[in-house]
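Hi,

Here is the structure I said I would pass on to you. Have a look at it first, and then read my notes below.

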Amino acid sequence: MMSRSKHRRLLHLCLGVLSLSLAIAITPAQATLQPTPAPSVAAQPATLLDQGRTLYQSGRFAEAVSVWQTAAQQSQAKGDRSNAALSLSYLSLAQQELGQWAEATQSIEQSLSHLKATKPQADAILWAQVLNTQASLLLHTGKAEAALETWKQAQTYYTQAGDTIGSLGSQINQSQALQSLGYYRRAKQQLNEINQQLAKLPDSQVKVSGLRTLGATLQMIGDSTESRKVLEQSLAIAKAKNLKSEISAILAGLGKAATDLNDPDAALAYLEQSEQAAVSPIEKLQARLDRFKLLIDYGLLDQAAPIAPQLLSQLEQLPPNRTSMYGAINFAASLNQLENSEKLLSLNTLSSLLEKTVQSAKSLQDSQAEAYALNQWGKLYGRTEQWAEAETVTQQSLEIARQLQADEIIAQSAWQMGRLKIEQGKTKQAISPYTEAVKSLRAIRGDLAAINPDVQFSFRESVEPVYREFVALLLEGQPGQAELTQARELIESLQVAELDNFFREACLDKTQQIDQVDTTATVVYPIILPDRLAVISSTAGKPLQYHITPISQAEVEETLDQLLAALNPVSNLQARDRVSQQVYDWLIRPIESELKQTKTLVFVLDGKLRNIPMSALYDGKQYLIEKYAVTLSPGLQLMAARSLQQTNIGAIVAGISESRSGFSALPAVETEVKKIAQTVPSSKLLNAQFTGNALSTQLKDSKANVVHLATHGQFSSRLEDTFLLTWDGVVNIKELSELLQSRDASKAIDLLVLSACDTASGDDRAVLGLAGLAVKSGARSTLATLWPVKDKAAATLMTQFYQELGQSRSTKAEALRQAQLHLIRKTDFKDPFFWSGFVMVGNWQ
């Protein structure tokens with residue numbers, strides 16, 4: 001399927017590109033290597049090529065298209081194949097910026113046709129440049145494997161020409177193709193090797209530019225910590241060499257990395273320095289826009305106030321081009337998210353700026369910019385309750401987006417139209433635009449996942465609310481089965497979207513109906529809405545059930561925080577039982593009469609409910625686990641169907657019992673590993689044997705269908721903070737998932753057990769890391785702990801779990817239930833703290 005979205009921008013080596021990081025319009029990567037000079041060409045075409053470059057670099061892409069088309073025609077008329085090929089390659093880049101994918105494809109094919117009539121040995125640089133453009137187009141249109149191979153060809157030509165930096169740039173681009181294909185370990189390894197090669201180069205502008213590009217790429221894949229280190233190296237060299245043209249961009253990159261690492265003070269300092277170091281008005285504008293956005297995001301309006309008129313003045317002074325247009329859009333987007341933005345800038349002034357931006361976009365034939373500007377203009381009209389005007393400009397934005405087939409704009413403008421209808425009390429009319437918005441969001445799942453945190457088109461602001469508002473709309477009044485079915489699908493789609501956002505890529509879906517999975521299970525979908533807690537329950541062969549509790553989101557979340565705190569064994573038992581029973585009454589009590597045939601309760605949890613162990617809910621007499629097996633699912637769409645064949649269990653059991661890398665010792669892990677190895681056929685990796693390479697080798701060579709890892713680890717809503725400890729370091733979630741998925745299909749993992757892990761404290765969405773690993777690992781089921789449990793209790797539960805798992809009729813969920821009941825009834829670990837933190841995610845059979 002063709003990807004028309006521009007959320008992922010590749011590093012074009014043949015042209016410098018804009019460096020604006022925009023609110024809604026997404027631009028090329030923030031750092032690019034300097035272009036390799038084009039081959040010597042005739043005078044007139046060379047002049048046109050230069051004119052086109054100037055127009056392109058100033059964001060006037062439609063004009064650049066016109067100039068390069070003329071250059072190509074003149075070169076073709078003279079039989080100058082080299083200049084024709086270069087002009088057409090440049091033309092394809094500009095067409096890609098305008099979303100003209102068919103035209104861009106035709107241009108690059110014509111460019112390659114001219115090249116094939118030349119001698120590659122004589123035009124190696126030209127071949128490399130054209131292949132870079134082709135690879136960019138291939139990746140943008142969903143052909144990652146072909147893009148990877150094309151960049152490898154480009155690298156060969158750069159090497160042939162002796163262009164080291166061009167070769168390294170092609171390798172950086174290859175790493176992005178590898179990421180798109182899911183090969184994160186290979187991508188990271190390649191980036192590390194590039195960094196080592198750059199380290200060997202003498203300090204120069206080329207090295208600084210290469211490190212800056214590498215830092216931007218590392219940030220794109222979510223490794224902001226490493227990105228910061230690389231950018232700091234680049235900055236040190238740039239300062240030592242007094243490379244003023246590089247310093248501002250590097251500081252801006254460091255500001256973005258600090259923002260991603262939740263260090264706003266450092267981010268603001270970097271962005272202030274970036275503005276001071278800027279050598280051009282555009283760089284100064286970009287740094288100021290980034291700083292303004294950050295201040296708005298953190299509610300520092302007193303500091304943002306004096307910047308607003310400065311930005312307005314800068315934007316008005318710039319000539320009409322892509323920089324000024326998207327700068328205005330970004331500026332408006334920041335202000336539009338504030339209820340009292342008129343304290344910073346009058347609404348009439350902002351409206352005039354957007355009107356001017358729309359006119360500029362029309363004159364420059366930049367339909368995408370026009371659609372984005374109209375969207376923000378519509379949002380502004382909505383804020384002033386000018387409903388007719390708001391609907392008119394929003395509809396115009398939507399129509400342009402449909403013509404462009406730009407799903408990212410459709411999603412925003414359709415959502416905005418739906419909101420406008422609701423605000424006017426036209427709830428029935430809101431369903432159609434909300435449906436279109438969700439459809440577009442699903443179409444660009446993979447691209448939305450790749451958005452960097454510095455982009456205001458963020459998940460929490462522009463994706464998650466669409467689903468929640470649509471669910472709330474469908475569940476108004478007395479919804480019928482059709483509305484409940486659609487709402488349930490939306491809840492599952494929201495789960496998928498959250499995981500996509502976590503991984504910055506699309507997860508695979510394998511949709512199944514509940515009665516195809518387990519006819520004795522009931523799936524419970526609670527969703528926290530602003531004014532109520534809604535619960536849909538689904539049992540095979542029965543109509544969907546629905547009940548609500550009229551309660552504010554704040555009160556629900558406060559109660560869940562109290563329950564989580566009360567699960568600490570030193571808490572007051574009566575208070576714990578009271579608040580646990582409250583949550584039981586919300587979720588389970590209304591459907592108890594429908595659960596007579598239910599053996600397993602499957603929860604698809606929302607928000608802070610994910611941090612609560614459902615097995616510990618209390619009905620006044622019993623815990624939920626005493627009546628049902630309890631398991632979690634990120635949604636049936638993401639669940640592998642096949643169940644574990646208990647009669648043929650083989651395991652890889654690895655653990656660390658000694659203190660390592662600053663983590664405390666887990667003495668009972670040694671007993672846990674040994675007892676499990678005695679219970680089921682196993683390969684053991686204990687302490688120094690448990691290295692990343694050893695685990696990789698075992699996973700590749702062994703036919704084991706169970707992987708048990710007893711070690712420190714952490715689940716977080718931040719990808720880079722989700723990891724497992726090995727003897728020689730840590731394995732992050734993407735590396736582990738790639739290892740597990742590297743096995744042959746015939747050796748897929750049925751069960752992944754993560755013992756002694758923890759969820760990041762204070763992180764409301766930390767369990768996303770657990771759910772994400774459960775989905776991405778390829779394992780059919782994942783058993784993990786929500787918090788560190790006393791290692792003796794963990795060892796006891798795990799040993800009992802494997803004994804139960806060996807029973808011929810025991811499902812994985814039932815085996816876990818029996819192991820938890822064993823702790824409740826036959827040990828000193830009766831308190832829920834010791835047993836309820838163990839949760840099963842995925843296929844429970």
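Let's start with Gln174, which is buried at a relative accessible area of 4% (buried means under 20% relative accessible area, exposed over 50% and partly exposed in between, using a 1.4 Å probe and protein chains only). Before I go on, a word on the source: this is a predicted model, where local features need pLDDT of at least 70 and side-chain atom pairs count only at pLDDT 80 or more, while totals for chains, interfaces and linings use all residues. Residues are numbered from 1 along each chain as its sequence is written, and side-chain values use heavy atoms, with hydrogens and water left out.

Back to Gln174. You'll find Gln174 in helix H7 (residues 164-180); helices (H or I, at least four residues) and strands (E, at least two) are DSSP runs, numbered from the N terminus. Setting aside neighbours within four places in sequence, Gln174 is in contact with Leu148, Trp151, Lys152, Gln155 and Gln190, where contact means heavy atoms within 4.5 Å. With Gln190 there is also a side-chain to side-chain polar contact at 3.3 Å. Such a contact is a pair of N or O atoms within 3.5 Å; within protein, one must be able to donate a hydrogen and the other to accept it, and residues adjacent in sequence count only if both atoms are side-chain atoms.

Asn132 belongs to helix H5 (residues 124-140) and counts as buried, at 2% relative accessibility. Asn132 and Ala154 lie 22 residues apart in sequence, yet 6.2 Å apart in space, C-alpha to C-alpha. Helix H10 (residues 224-240) has 17 residues and spans 24 Å from first C-alpha to last, close to the 24 Å expected at 1.5 Å a residue (the expected span is 1.5 Å times one less than the number of residues). The buried residues of H10 include Arg228, Leu231, Leu235 and Ala238. After H10 comes Asn242, with a positive phi near 55°.

Now for the strands, where two strands pair if DSSP finds at least two bridges between them. In a regular strand the side chains alternate between the two faces of the sheet. Strand S4 (residues 600-603) is covered on both faces, with Thr600 and Val602 buried on one side and Leu601 and Phe603 on the other. Strand S1 (residues 521-529) runs parallel to S4 and is joined to S4 by four bridges, with Thr522 opposite Leu601. S4 also pairs in the parallel sense with strand S5 (residues 629-632), over four bridges, and there Phe603 stands opposite Leu632.

What about strand S6 (residues 651-655)? Five of its five residues are buried. S6 pairs in the parallel sense with strand S7 (residues 682-686) over five bridges, and Val653 has Lys684 as its bridge partner in S7. S6 also pairs in the parallel sense with S8, again over five bridges, with Ile652 opposite Val707.

Why is strand S8 (residues 706-715) described as largely enclosed by the rest of the structure? Because nine of the ten residues of S8 are buried. Two bridges join S8 to strand S9 (residues 723-726), and these two run antiparallel; the bridge partner of Gln714 in S9 is Phe723.
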